[in-house]
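Keep the structure open beside you and try each task before reading on.

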Amino acid sequence: MTVPSRVRLTMAQAVVRFLSQQRTARDGREQPLIAGVLGIFGHGNVAGIGEALQASRTSMPYYLARNEQAMVHTAAAFAKMRNRLSTLACTSSIGPGATNMLTGAAGATINRVPVLLLPGDIFAGRRPAPVLQQLESSQSQDVSVNDCFKPVSRYWDRINRPEQIVTALPEAMRVLTSPAETGTVTLALPQDVQAESYDYPAALFEPRIWTVPRARADQDRMQEAARLIRSSSRPMIVAGGGVIYSEATDALRRFAEATGIAVGETQAGKGALPEPHPLTLGGVGATGTRAANRLARDADLVIVIGSRLSDFTTASKTAFQHERVRFIAINVAELDAGKHAALPLVGDARAVLEELLPMLAGYHVGGEYEAAVKAAVADWQAEVERVCAAGLPATPEGRSGVTQAQIIGVLQEGLGPTDVIVCAAGSLPGDLHKLWRARDPKGYHLEYGYSCMGYEIAGGLGVKMAAPERRVCVLVGDGSYLMMAQEIVTAVQERLAMTIVLLDNCGFASIGGLSEAVGSGGFGTRYRYRNPATGDLDGDALPVDLAANAESLGARVWRAATLASVRDALAEARTEQRPSVIVVPVEREARVPGYDSWWDVPVAEVSSRSEVQSAREAYEVARQRERDFL
Ligand SMILES: Cc1ncc(C[n+]2csc(CCOP(=O)(O)OP(=O)(O)O)c2C)c(N)n1
Ligand SMILES: [Mg+2]
C-alpha cells in the first residue's frame, strides 16, 4: 500500500494554495474560479491568511480594499461581470472587519452571484478569551459575530480544526460554482487555527476544474411548454439576469426572431436582447417602459427566463392583468422556476431555449400582435427622445436646469456600445431601466436585487478588474457617493481607470419622491441645514463640495454644470489612466414619469395629515389590481 503524500502547511497557507488551483469550465472555456483576494488585515487575519497571501502572491494576487463591505461589492461585481464563472475572495479580521461584510454578503446571495468570504474568527482554543472584539454569550461559547453570516450565506462553515478544510473547501467550491445554489460562501477562520499546521494530503492541492453545467429541462414539461406557446395569442418574454449569465443572448434572439415574441427585460436582464432590435420592449415592471408594460398587461402567456420575478419586475403582481395569464419559467433554480404557478422548465437558459425552439417549428405570432409590438416600440422610442431632451429653465437661485434624464441622454451618446454603465440605488436605476438602450449584454450592470447604496464605485472597480479592456462608467447619486466613495483610493492604488458620473441633487430624489407619494412631502430626505423656523431639514444648501472630496482621494475631477461641459468631460475622461469624477448638479424634482405601472409601498392607514389620508385612499384602490397566481 502506498502512503499518500502529505504537505505540512498552516491552515491559512493550505486555504490559499487550494484556492489558487481551482478553475471553472463551461463550453470548453476555462478561467480561475478565485482570481484574487481582496482584504483588510487586522489581528484576526494578518498572521494567518496575511502570511499565506504574502507567500503566494505570485499565484494569488492580493488587493487592499478600503472598507470590508465595499470589497464584497467589488467581488460580487467581478463575478457578475464574469457571468458567475470567476470571483474574488475577501479576507477580513475578526469582529467589525467581519461584520462589515454582512451587507455585501446579503447582496451577493440575493443577486445569486458567487463570493467567497473568509472572515477571521475568535480563538477556537478559547484560552485567551474573551479576545479583543469578541461577542460573548452567556448561553454558549460556540457563538461569535460570524454566526450572523448564516442567513445570508448559501454555505457557511467554521473551521475549528485545520483538517476540516479538507472537506469544507470542496463543498464551498461546489456551491460557488452551482448555477442554482450560488451566492455568498462564508468560511469563518478562527485566528489561532489559521496559524496552526497540519499534514495535508497533497492531492488537495492538485488543479481542479469545476465544470459549470448546462442542465436540460424535463422533456414532458418541454412538450407542455410548446403546446402552451402554440395556443397563446399574446405571448411575451421576460428576460432576467439568467439569460446573460448563461450567455443565452444569441439563443434568445433566435428564439424571439423565429417566433415573433417580444422581449421585456428585468434590471439584471437588460441587454439580454441588445438594442436596437425590433422585438426589444426594454425594461418591464415598476420601472418599465410603456411598451413593455402594455404588452405585459395584455399577455396571455409570459415566458420568464432567468428571473427571480421580484416585485419590481411584476409591478408587485399588477403587471399581468390578462384573466387567464399563464407563466412558463425557465430557470436553473427550482425556487424561481415555480413562481407564479409557472410551468417550471428547470434548466439552463441557453440549453432550454435551444431545445424548445425546434419544438415550435412553424409557430409565429399573428399579424395583429406584430403590429401592436411595432407601434409600442416606435411610441417608446419617441418618448425616450422627448424625456432625454427635456431640461428645465435655469433660475437665478442657482438651479442648474439640468435633468437626470438629460445626463442619461448625454451618456448614451458619449459612451461606446461595449462600455459598461454601473449603478445600484436611488432614482438612477429606475430612470436607466426605462431610458437606457443596452447595446451589449455586458454593457448594463445594475445591482438591483439588494439595491445597495454604496455598491456603485466599489462595484465599478470589480467590473474594471473583471474586464480591464472595457471602459467603465459608474453612475452614482450624492447619497450613495457619501455612503461609500473610498474605493476611489483603491482604484488609484491599482491604477484602474473608471469614469464616475456623480449626480448631485442635494439628497434623495428617489425616496424623496416616494415620500411625496405616500403623503409625507419628502420629510427627512434633503441634504439641507436644519431650519430654525420650521425645525425641519429645509434650510439653506449645505456647504459640501463633493468635487473637492473626490479630488482629495486622488481622482481627476470635473465640475460640469451644463450638458456641454458634461460632454466635454466625458470625452476627456476617456483617456484618463486614473479614476475620473464628473460632478453634475441636477434638478431633484425633474423626475422621469412612471409608465402604466405601480409598486406596493403601504401607506399609513391612519394619519392626521390629509395628504397621507388621500395617498392611503389611492393605495387601497391600486392594491386591488394585485393578483394571486395559483
Ligand atoms: C444602504 C442603503 N440604505 C438605504 C437605502 C434606501 N434608499 C434607496 S435610494 C436612497 C437615496 C439615494 O440617494 P442618492 O444616491 O442621492 O440618489 P437619488 O435618490 O438622489 O437619485 C435611499 C436612502 C438603500 N437602498 N441602501
Ligand atoms: Mg441624490
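**Exercise 1. Decide whether K317 is buried, partly exposed or exposed.**

Step 1: Recall the classes: buried means under 20% relative accessible area, exposed means over 50%, and partly exposed lies in between (1.4 Å probe, protein chains only). Step 2: K317 has 36% relative accessibility, so K317 counts as partly exposed. Step 3: Find K317 in the loop between α12 (311-314) and β16 (326-331); helices (H or I, at least four residues) and strands (E, at least two) are DSSP runs, numbered from the N terminus.

Before going on, two notes on the model. It is predicted: local features need pLDDT of at least 70, side-chain atom pairs count only at pLDDT 80 or more, and totals for chains, interfaces and linings use all residues. Residues are numbered from 1 along each chain as its sequence is written, chains are lettered from A and ligands numbered from 1 in the order in which they are written, and side-chain values use heavy atoms, leaving out hydrogens and water.

**Exercise 2. Describe the surroundings of N505.**

Step 1: N505 lies in the loop between β21 (499-504) and α21 (509-517). Step 2: Its relative accessibility is 9%, so N505 counts as buried. Step 3: Leaving out residues up to four places away in sequence, N505 touches D478, V586 and R588; contact means heavy atoms within 4.5 Å.

**Exercise 3. Work out which residues surround ligand 1.**

Step 1: Count residues with a heavy atom within 4 Å of the ligand: there are 15, and the closest are S427, D478, G479, G507 and S510. Step 2: Helix α19 gives the most to this shell, with 4 residues. Step 3: Look for polar contacts (pairs of N or O atoms within 3.5 Å). An N or O atom in the side chain of S510 is 2.6 Å from an oxygen atom of ligand 1, and a backbone N or O atom of A509 lies 2.9 Å from an oxygen atom of the ligand.

Conventions:
Polar contact = N/O pair within 3.5 Å; in protein donor to acceptor, adjacent residues only side chain to side chain.
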